[in-house]
Amino acid sequence: MSSSSQALTLVSFALLLICSIPLLADAQQSPAASDECADPSLDSACHNVPKALRLKLIAIPTILIASVIGVCLPLFARSVPALQPDRSLFSVVKAFASGVILATGYMHVLPDSFNNLNSPCLPKKPWADFPFTAFVAMLAAVFTLMVDSLMLTFYNRKKGGAGPSTAVVADHESPEQGAHWHSHGHGHGHAMAVAKPDDAEAGQMQLRRNRVVVQVLEMGIVVHSVVIGLGMGASQSVCTIRPLVAAMCFHQMFEGMGLGGCILQAEYGMKMKAGLVFFFSTTTPFGIALGLALTKVYKDNSPTALIVVGLLNAASAGLLHYMALVELLAADFMGPKLQASVRLQLICLTAVLLGAGGMSVMAKWA
């Protein structure tokens, strides 16, 4: 299982590197380099290279720390009884974080893609004649569904040879008595209970599904984080970077809480948890460092950069929409825990609105 997840992570990073290669080339497109396509920061009072560099060097460790705190908070929740996955408060916190991820896709990533692919710096044909952003986001959502389904099928077949009588999650020790099983009820925790083999198998299938959710969600977040970090690192506008640093810290912290809750429910070992935390926490600082390295050749408004970044943002938005709505919110709200309590449903809905609303307000700056 760990080898397949590592392969998925390597594929996502390879995709990012391949897509960033065209950014190194200055787009040899028609010299329609009109005034509106020139670098707006050059003639602006906000253009200050030394100050911008100082802010970016501050942003790298600051965003890194905020990301680590956000993704690790749910992982340390096991030591807090009120935040155990089987408690109601955990469902409320997870609903808040799911709202953050939903708003990230709709309010941050998707509008950026529309702005990039509808830029006047791109030729009107074909970019103004077809809604590429919506089309790519739709394909990304369908592709995410395909990956989600195929990965789950692969895991189930890989583990299916053990048979229902031995369907015990490998991360936990076997029970002392043969009549007891580890039951993982819908990813909301684990408890010792007298259970039938079918119940144990259902619990293990849910655990595998939780692990697929973590890997696919991490892939979408990694793409978005590198792209936004690249833009920040290449910018020389102090007026753009200063509010973006603060907004990105909150953004990464809340997004990390959503991912951390999923990692907690996936019940990975320490090695795998550390790897997921590392990749999430370092992608935005890596993007900023990459932008710093490409400052001389990377231009936000070059046709190549607009197309590559716009398509990546559209794909990331489609993935985040699917994961937030289908795998996180719908899975929880249609599950037995929330269906058993109207009061808890309303509280979680309020939490979703608060998370999505707070992230929407941050769209003014990031």
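Which residues form a nonpolar patch on the surface?

**View 1. Nonpolar surface patch of the predicted model.** The patch consists of Phe130, Phe135, Met138, Leu139 and Val142, which together present about 450 Å² of accessible area. Met138 belongs to helix α5, spanning residues 132–160. The relative accessibility of Met138 is 47%, so this residue is classed as partly exposed, a class that lies between the 20% and 50% limits.

**View 2. Aromatic cluster that includes Phe130 and Phe135.** Trp127, Phe130, Phe132 and Phe135 make up one aromatic cluster. The count of aromatic pairs in the structure comes to five. One of these pairs joins Phe130 and Phe135 in an edge-to-face arrangement, with 5.5 Å centre to centre and 75 degrees between the planes. Phe130 has a relative accessible area of 38% and is therefore partly exposed. Phe135, with a relative accessible area of 34%, is likewise partly exposed.

**View 3. Aromatic pair of Phe278 and Phe279.** The rings of Phe278 and Phe279 are arranged edge-to-face, at 5.7 Å centre to centre and with 70 degrees between the planes. Phe279 counts as partly exposed because its relative accessibility is 25%.

**View 4. Cysteines Cys72 and Cys348.** A disulfide is a covalent bond between the sulfur atoms of two cysteines. The predicted structure contains zero disulfides. Cys72 is buried, since its relative accessible area of 15% falls under the 20% limit. Cys348 is also buried, with a relative accessible area of 1%.

Notes
Residues numbered from 1 in each chain as written. Predicted model: local features only at pLDDT ≥ 70, side-chain atom pairs only at ≥ 80, totals over all residues. Heavy atoms only, no water. Patch = residues over 30% accessible without salt bridge, like charges linked within 9 Å, V, L, I, M, F, W, Y side chains within 5 Å. Areas by Shrake-Rupley, 256 points an atom, 1.4 Å probe, with all protein chains shown as cover. Salt bridge = Lys/Arg side-chain N within 4 Å of Asp/Glu carboxyl O. Helix = DSSP H or I, 4+ residues; strand = E, 2+ residues; numbered from the N terminus. Buried < 20%, exposed > 50% of the residue type's maximum accessible area, 1.4 Å probe, protein only. Disulfide = S-S within 2.5 Å. Phe/Tyr/Trp six-rings, centres within 6.5 Å; stacked < 30°, edge-to-face > 60°.
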